[in-house]
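Subject: Handover of a structure and notes on its contents

Dear colleague,

Please find the structure below, followed by an account of what was found in it. I would be grateful if you read the notes with the structure open beside them.

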Amino acid sequence: MSNTKEHISNGSCPVYKKCGGCQLQNLTYKQQLELKQKKVEKLLKKFCKVMPIIGMETPYHYRNKVQAAFRTTKQGKIISGVYQSGTHHIVGIDSCQTEDETADRIIVAVRKLLPSFKMTTYNEDTGKGFLRHVLVKRGFATNEVMLVLVTGTPVFPSKNNFVKAIRKQFPQITTIVQNVNPYRTNLVLGDNQKVLYGKGYIEDILCGCKFRISPKSFYQINPVQTEVLYNTAMDFAQLKGNEVVLDTYCGIGTIGIVAAKRSAGRVIGVELNGDAVRDAIVNAKSNELKNIRFFKGDAGEFMYEVANEDEKPDVVFMDPPRAGSDEKFLSSLIKMSPKTVVYISCNPETMARDLEYMTHNNDYKVQKIQPVDMFPHTAHVECVVLMSKK
Ligand code: SAH
């Protein structure tokens, strides 16, 4: 395996079985990488040889986004932690080997402050109570920290003093947001939010580009490996300088912005989430890029429309969610026939299905497959695939 040392997994995690988040924790890191390599090979090697997975040098505390649910026990003790996989049972934890350590410390501090501010926790059965979740995001490159308090009701009488108290303990918190989620739902964040302190967002730097991150927009959770992932994607794309590039499922525009900065002639991004698109537009401006535009909408619809216009993209990046892409997208992509397609996926199963679609009529050939370990100790594995027009 390239680029990795032998790490003995921390079998000492007290909630390994209860939590279920780190499915591979019983294996050494080297064994985890071997397992992931085999999984990818099983699904994808029929398309092309799979390159050796790129693991992390230090596969701990890599998560820049940490979320904790809050509850009060029958004995009146407040606990915070993670939901046991597939249940609504909260496993109380103070720290986790995958999570950012500052974020974990902030969550514990919030929990300890609650009684003195008479802040209650939300009860999922009765729908009553105040604090539901705490979300912390940290820019690893900038050290800016965002604290989001998700509450069941909007009224927060002690907010000014609470903000003061938590900032006193953690001066690195640059913004605090109250997100109100009054609904009986599995979604963590609600629709309404109020900035209690700072700008309401944080910034981070990836591949030399600056990105704004809002409470709700998607941002890769392992920034160290995201740079590896994006550099691989750029390497596969081989941009020369004057290509028309599409960044589909673009989130806050990270891949397109890195491409635009490195030489792409013109970049167009498309994304469904409106908050993320707004961030993408701001990100393009703050990186002083004029050769990039973003559209809000379904990527399949967008591809269908572009395929029926005169526009002829040279390179298409696609980075869909776990469910993979859809037929509308893929059939339009084949019709559009860009020279190069770079497909980034966090789910090799749906990726195998989509690669089958792209190659079964010999429209495209898979040239390279690079797995990257974005989520050490979990069973997830990310892949970057290069496809070329036949
Ligand atoms: N490329 C980005 C985001 C990848 S995550 C990055 O590297 O950070 C996948 C993104 O696809 C999410 O932002 C999600 O909101 C978006 N998405 C999901 N379904 C979509 C659809 N049908 N059309 C466009 N975007 C979609």
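In which loop does Lys 118 lie? Lys 118 lies in the loop between helix H3 (101–113) and strand E4 (131–138). The names of helices (H or I, at least four residues) and strands (E, at least two) refer to DSSP runs, numbered from the N terminus.

Two remarks on the source come first. This is a predicted model, in which local features need pLDDT of at least 70 and side-chain atom pairs count only at pLDDT 80 or more, while totals for chains, interfaces and linings use all residues. Residues are numbered from 1 along each chain as its sequence is written, and side-chain values use heavy atoms, with hydrogens and water left out.

Residues with a positive phi

Most residues other than glycine have a negative phi. Lys 118 is not glycine, yet its phi is positive, near 55 degrees. Lys 118 is exposed, with a relative accessible area of 73%. Here buried means under 20% relative accessible area, exposed over 50%, and partly exposed in between (1.4 Å probe, protein chains only).

Gln 238 also has a positive phi, near 50 degrees. Gln 238 is found in the loop between helix H5 (223–237) and strand E10 (244–248), and Gln 238 is partly exposed, with a relative accessible area of 47%. Just after helix H9 (residues 327–336), Ser 337 takes a positive phi of about 45 degrees.

Helices H8 and H9

Two packed helices are described by the angle between their axes and the distance between the axes. The axes are lines fitted to C-alpha atoms, for helices over the stretch in contact, and angles run from 0 to 180 degrees between N-to-C directions. For helix H8 (residues 299–307) and H9, the axes come within 8 Å and cross at roughly 25 degrees. H8 and H9 are therefore roughly parallel to each other; angles under 35 degrees count as roughly parallel, over 145 as roughly antiparallel, 65 to 115 as roughly perpendicular and the rest as oblique.

The crossing of H8 and H9 is left-handed. A crossing has this name if the near helix is turned anticlockwise from the far one by less than a right angle, and is right-handed if clockwise. On the H8 side the contact (heavy atoms within 4.5 Å) includes Met 303 and Tyr 304, and on the H9 side it includes Phe 329 and Leu 333. The residues of this contact divide into eight nonpolar, two polar and three charged. In this count Ala, Val, Leu, Ile, Met, Phe, Trp, Tyr, Cys and Pro are nonpolar, Asp, Glu, Lys and Arg are charged, and the others, Gly among them, are polar.

Which residues of H9 are buried? They are Phe 329, Leu 330, Ser 332, Leu 333, Ile 334 and Met 336. What covers them includes H8, E10 and helix H10 (348–359).

Helices H2 and H10

The axes of helix H2 (residues 29–44) and H10 come within 9 Å and cross at roughly 25 degrees. That makes H2 roughly parallel to H10. The crossing of H2 and H10 is right-handed. Lys 39, Leu 43 and Leu 44 of H2 make the contact with residues of H10 that include Met 351 and Leu 355. The contact divides into six nonpolar, no polar and two charged residues.

Aromatic rings

A search of the whole structure finds five aromatic pairs. Rings of Phe, Tyr and Trp (its six-membered ring) pair if their centres lie within 6.5 Å; planes under 30 degrees apart count as stacked, over 60 as edge-to-face and the rest as tilted. The rings of Phe 156 and Phe 162 have centres 6.0 Å apart and planes at 50 degrees, so this pair is tilted. Phe 156 is buried at 4% relative accessible area, and Phe 162 is buried at 0%. Together with Phe 117 and Phe 130, these two form one aromatic cluster.

Pro 320, in the loop between strand E13 (315–318) and H9, is buried, at 4% relative accessibility. The C-alpha atoms of Pro 320 and Ile 344 are 7.5 Å apart, although 24 residues separate the two along the chain.

Gly 200 is found in the loop between strand E7 (192–197) and strand E8 (202–206). Gly 200 is buried, with a relative accessible area of 12%. Leaving aside neighbours within four places in sequence, Gly 200 is in contact with Thr 175, Val 177, Val 195 and Pro 215.

Yours sincerely
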